[in-house]
Amino acid sequence: MKRLVPVAVHAALLSATLFALYPVLWVLATALSGAPMRSGRVLPWPEQPTLRHFADVLFRDDAIFFTQLANSLFIAAFTALVAVAIAAPAAYAMARFEFVGKRASLRSLLATQMFPGVAAAIPLYLILDFLNLLDTRTGLILVYGSTVVPFAIFQLRTAFEAIPVDLEEAAMVDGATRAQAFFRVVLPAARPALAVTTLFAFMTAWNEFILAATFLSAESRLTLPVVLQRYVGEHSANWAAFSAGATLVTIPVMALFFWLQRHLVAGLNAGGVKG
Amino acid sequence: MAELSLEGIEKTLGSTPILRGVDLDARDGELVVLVGASGCGKSTLLRVIAGLETPDRGRVVLDGRDVTALSPRDRDVAMVFQSYALYPHLSVRDNLVFGLRLQKVARGVIDERVAEVSEMLGLGELLGRLPRELSGGQRQRVAMGRAIARRPKLFLFDEPLSNLDAKLRNKVRVEIKALHRKLRTTTIYVTHDQLEAMTLADRLVVLDRGVVQQVGSPLEVFERPANRFVAGFIGTPPMNLLDVEALDPGLRESLPAGCATLGVRAHQLRAVGEGEALSPGQPRFDVEVLAVEPMGAESWVHGVLAAGEGAAAPAVSADAADGAGRRLIWGSPNWQAPVGERMRWTAEPSALHCFGARGERL
C-alpha cells in the first residue's frame, strides 16, 4: 500500500503533464512537417520532417525576424526592469509604513486590475500620440510597465510583509540606513518574489498582442506576437510557419524561466530568525 | 565602553502607556539586567536605547552625549535579538562582518575581528555556512558574534536565550557571563526569567507596568525586596506572601503597624519539632500540608494556613487562586511530608518582611 501511493502520484502527475504538453507537441509537429498534417491523427508526429519552416521564419525579408526578436526582448526586459524598479520600493512602503492614503492607494491599485488592458487602448493611443511615442519601443515599455506595476506591487508587498522586521532593525543597529537595509537585507531576502515578479512582467510584455498591434506599425518595430499573427491572415494561413515562429518565441521565455528557477527557492529565509 | 543614562523615559503605544518615567544608569562595564513579566515594557525600553523606538518624553544619554534623537546607526550600540535576526542570505562570516563592512573598516582589520570572534565563540568551522544550516545554539552564538565583532560602546540583549532548550540555556548563560567578564563592555540584558536575571546581573532592574520597581544587586533585591511585587517576582519559589489577617493573632500583634502582607522565603522556614517550644517573638505558622514537590536537593512542601488552634481545619482546595494570601511553600530538605495533615512551621524573626497596604516595604 505504501508503495502504491507514490506510483499513483507519479501516474497522476505524468498524465497532467502529458495533458498540458499535448497541444505544445502539436505545434512542434506542425512546425517540423514538410507536408500538411493529416486531419484526424492522434499522435503529434511530423509528416516528412524538415527544418524548412524555421529557416523561412528566421531568414525571410533579410532576416528581419532578428530585429523583431530584439524588439521583443528589449521591450520585455525593460518592462520587467521598470516594473520591479517602481514596484519594489512602492511595495516596501506599503508593507512597512503607515501613511495617509495608504488604504486608498491600495484600493485604487486593485481597481486598475478590474479593467482589461484593451479598454485603455484608445486613451493610451492618444497619450502616446501626444508624447510622440507612437511606434516606439519606449512608448510600449511605459504602457506595459503601467499595467504590470499594480500587480507587482501587490505581489512584492506580500513578500516584504513576510520578511521579519527584526532583519531590517538588526541591519539598522549594525549601521545601515533604511535604504541600505532595504537593498542589502530586504531585497536579497525577497529574491524568490522578485524572480516571480520579473518573470511575470517579462511574460506579460513578451506575450502582449493587442496594444502592440495598435501602437506599432513599421515592420522593423514590430514585436513577435504581432509578427506571428501575420502568418495566419484572413485569406490564407501558413500554419507551419506560424508554428515554427511560435516555437521560436517560447525559447527565450523558457531560458529566462530556467535561469530564474534557482531563485525560486522555498524557505530561502529559513534560519534567519527563530520563531 | 560607555556609561548609559536614561532620564524619565515615557512611551505610549496607541493609548497604552508602556513606559512611565523610567530612570536608569548603567555604569561603565556593568551588566544590567532588566527583568519583568511579559508586557512590563522591558523590550520597549531596550528598543528605546537602541534607537528603534523614539520615547515620547525623556532622554537617552550615552557617554555624556544625548542620543535620543539619533538613528540606531549613529549610536554605536549592538543588539542581539530574541529571534537572532541573522541575515538569511549571508554566510556566517558575512553576517559577522556586515556592520564592519558598512563602516568601511579595512579588510585586514575585518579578517582580524573574524578570527578573534570565531575563536572566542567557536565559530571557526561554521564561517562558510548559511544560517539555515545552523542549530539554534549555533545561530545564537553567531548573533552574539555579530554584536561582538563591531566592538560597540554598548551591548543590548533582548531575551537571547528564550529560544534555546533548558540545557543549552544554562550553558550559554555561563558563556555570556564569561564573555562579559572578558570584554567588560557595558551591557543591558532583558529577560523575563528571574533565574537568568539573578545569575547574570551585576545590577538588577525589576520593571512592572512600565515603572522601575527596584534597582540593586541580585542579592539585595532577593534579600530586601522593595515591595510586594518584587518579593513575589524574584526568587524560585517566589517569596511566600501572607495576608496578615490570616495569621496567628500572637504573630499579628508583633508586626509593625500598617503591615498588610507578611513575606517569608521558603528556604527560611523550618518545621517545629515535636515538643519544641518557640521563643517569644518567633513566628508560628500552623499549616495543613497540601502537596510535596521533590525538586532534587530540596522539596517544596505546599501548605495553607490552618484556622486558629483548636478550630476546625478550613476546607482546602488545590486551586492556586483559592486561598491566595494563605498559601505558602517550605523549602524542605526532606522528601517526605505528611500530606493532608497539620504541621507547625517557623522562621527567624529577621527573615520576615512586612509590606503595607499599597505593597510598599515597611
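Two strands pair here if DSSP finds at least two bridges between them. One caution before we start. This is a predicted model.

One of the contacts to look for is at Glu10(B), whose bridge partner in E4(B) is Arg57(B).

E4(B) also pairs with strand E5, residues 65-66 of chain B. That pairing is antiparallel too, over two bridges. Leu62(B) stands opposite Arg65(B). Val61(B) has Asp66(B) as its bridge partner. What sits between the strands of this hairpin? Two residues. Asp63(B) takes a positive phi there, near 55°.

Now put the strands together. Four of them make an open sheet in chain B, in the order E2-E1-E4-E5, with antiparallel pairing. Which strands stand at the edges? Strand E2, residues 16-26, and E5, both of chain B. Each has a single partner strand, so one side of each is left without a neighbour in the sheet.

A helix packs on this sheet. It is H1(B), residues 42-50. H1(B) touches E1, E2 and E4 of chain B. Its direction makes about 120° with that of E1(B).

Next, a helix pair in chain B. As a reminder, two packed helices are described by the angle between their axes and the distance between the axes. Take H2(B), residues 92-102, and H4(B), residues 136-149. Their axes come within 8 Å and cross at roughly 30°. Angles under 35 degrees count as roughly parallel. H2(B) and H4(B) are therefore roughly parallel to each other. The crossing is right-handed.

Who meets whom? From H2(B) we have Val92(B), Asn95(B), Leu96(B), Val97(B), Phe98(B) and Leu100(B). From H4(B) come Val142(B), Gly145(B), Arg146(B) and Ala149(B). By class, that contact has seven nonpolar, two polar and one charged residues.

Stay in this region for one residue, Leu123(B). It lies in the loop between helix H3, 107-121, and H4 of chain B. Is Leu123(B) buried or exposed? The cut-off for buried is 20 or more other C-beta atoms within 10 Å. Leu123(B) has 22 C-beta neighbours inside 10 Å, so Leu123(B) counts as buried.

Which residues does Leu123(B) contact, leaving aside neighbours within four places in sequence? Val92(B), Val117(B), Ser118(B), Arg141(B), Val142(B) and Gly145(B). For a distance, take Leu123(B) and Arg93(B). They are 30 residues apart along the chain, and their C-alpha atoms are separated by 9.1 Å.

Further along chain B there is another open sheet. Three strands form it, in the order E11-E12-E18, with antiparallel pairing. The edge strands are E11(B), residues 240-243, and E18(B), residues 353-355. Each pairs on one side only. From one strand to the next, the twist averages 30°. Strand E12(B), residues 261-264, pairs with E18(B) over three bridges. In that pairing, Thr261(B) has Phe355(B) as its bridge partner.

Over to chain A. How many helices and strands does chain A have? It has 11 helices and zero strands. The C-alpha trace of chain A spans about 70 × 70 × 30 Å along its principal axes. Chain A has 275 residues, and 35% of them count as buried. Now the contacts in chain A with a separation of 6 or more. Residues 24 or more positions apart account for 70% of those.

Last stop, the two chains together. In chain A, 23 residues are in contact with 26 residues of chain B. On the chain A side, the elements giving two or more residues are H6(A), 165-173, and H7(A), 178-189. Which element gives the most? H6(A), with six residues. By class, the chain A side has 12 nonpolar, seven polar and four charged residues.

That's the tour. Happy to take questions.

How values were computed. Residues are numbered from 1 along each chain as its sequence is written. Chains are lettered from A and ligands numbered from 1 in the order in which they are written. This is a predicted model: local features need pLDDT of at least 70, side-chain atom pairs count only at pLDDT 80 or more; totals for chains, interfaces and linings use all residues. Axes are lines fitted to C-alpha atoms, for helices over the stretch in contact, and angles run from 0 to 180 degrees between N-to-C directions. Helices (H or I, at least four residues) and strands (E, at least two) are DSSP runs, numbered from the N terminus. Angles under 35 degrees count as roughly parallel, over 145 as roughly antiparallel, 65 to 115 as roughly perpendicular and the rest as oblique. A crossing is left-handed if the near helix is turned anticlockwise from the far one by less than a right angle, and right-handed if clockwise. Two residues are in contact if their C-beta atoms, placed from the backbone, lie within 7 Å. Ala, Val, Leu, Ile, Met, Phe, Trp, Tyr, Cys and Pro count as nonpolar, Asp, Glu, Lys and Arg as charged, and the others, Gly among them, as polar. A residue is buried if 20 or more other C-beta atoms lie within 10 Å of its own, exposed if 12 or fewer, and partly exposed in between; C-beta atoms are placed from the backbone.
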